[in-house]
Amino acid sequence: MKYQFDFTDKVVLVTGASRGLGRAYACGFAGLGAKLVLSGRDEKMLEETAELVRQEGCEDYQIIPCDVLDTKAMDHLIEEIDRLYGRLDILVNNAGVGHKIPAVNVSPEEWQRVIGTNLDAPFYLSSRVAQRFMIPQNGGNIINIASMGGFSGIPGGAAYSASKAGLLNLTRSLAGEWAKNNVRVNCVCPHYTETDMVKPLMAYEQWMKLNTLRTPLGRLAQPEETVGAVLFLASDMASYITGDYIQVDGGSLGVAY
Ligand code: NAP
């Protein structure tokens, strides 16, 4: 075993690679030998990620736009990966949406948008890439980006919190099913991280004060600070870890004030 992160010739798909955490994950893999598939809806932003990935030293990458609310689009994404690379080694289910809406005002469509993006899509993509690539290859790695919101309720974020709690248990179920196929499935659970998703909340002084007081490290995370957990779980250094999660939370779950 090499005691270092090395993804030479591994084909890695990152969903939601157009900005925020997904962009940081793509950049993390880029300098370590991976062949990258960058996916998301916004092609212009995916091009920007591609430029950053190039700067990290990755020359072998593809942009394949895909709306994860559309199963046909996900089927097309998988077909394209098969055509271009004929394999997939690592899937990072990162695409996600949040909301801050009182539960009484959440329409069925809004509930389904959040659950569909954050929970249905990781299930669909994982099951299809396992069937198409990872089980026949007898090897693969799936990292689901859950959230600290999967452990606690979020007033105004019922669908989000439910989707991430579901993602944690989906991870455990799939890990159990595919361990015999040498496919590991794990979660990374970030705490509040400075991305477009959280910017609207950051505008509230009261929210910022409360959040920094409740977080032992006293600040929000930067996207780059959650990359190490993803790389570790995706690497051979984590070869005995499956059905598990790493919380990247500034100490907030473990410490009460
Ligand atoms: P973000 O900046 O809002 O980015 C969200 C990403 O998801 C974008 O790349 C977006 O791509 C993609 N996406 C959303 N809906 C999609 C769809 N239907 N089809 C394809 N792609 C879609 O959010 P972020 O903070 O980076 O969040 C990334 C992940 O981390 C999410 O799963 C989120 O729940 C999780 N997370 C974030 C935090 C945080 O504090 N930021 C904390 C815990 C967990 P397009 O714009 O191209 O559609």
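**View 1. N211 sits in helix α7.** Helix α7 covers residues 205-214, and N211 is part of this helix; helices here are DSSP runs of H or I with at least four residues, strands are runs of E with at least two, and both are numbered from the N terminus. The model is predicted, so local features need pLDDT of at least 70 and side-chain atom pairs pLDDT 80 or more, while totals for chains, interfaces and linings use all residues. Residues are numbered from 1 along each chain as its sequence is written, and side-chain values use heavy atoms, without hydrogens and water. Is N211 buried or exposed? N211 counts as buried because its relative accessibility is 8% (buried is under 20% relative accessible area, exposed over 50%, partly exposed in between, with a 1.4 Å probe and protein chains only). Leaving aside residues up to four places away in sequence, N211 touches H191, Y192 and L220 (contact means heavy atoms within 4.5 Å).

**View 2. E80 lies in helix α3.** This helix spans residues 71-84 and includes E80. With 18% relative accessibility, E80 counts as buried. The side chains of E80 and R83 make a polar contact at 2.9 Å (a pair of N or O atoms within 3.5 Å; within protein, one must be able to donate a hydrogen and the other to accept it, and residues adjacent in sequence count only if both atoms are side-chain atoms). From E80 to I64 is 16 residues in sequence and 7.9 Å in space, C-alpha to C-alpha.

**View 3. Here is the largest nonpolar core, with 35 residues.** A nonpolar core is a set of buried Ala, Val, Leu, Ile, Met, Phe, Trp, Tyr and Cys residues joined through side-chain atoms within 4.5 Å. Which members touch the most other members? They are V37, L77, I81, L88, L91 and M134. At least two residues of this core come from each of β1 (11-14), α3, α4 (108-137), α5 (158-178) and β6 (183-190). Helix α4 gives the most, 7 residues.

**View 4. I81 has several neighbours to look for.** Not counting residues up to four places away in sequence, I81 touches L13, V37, I64, G86, R87, L88 and F133.
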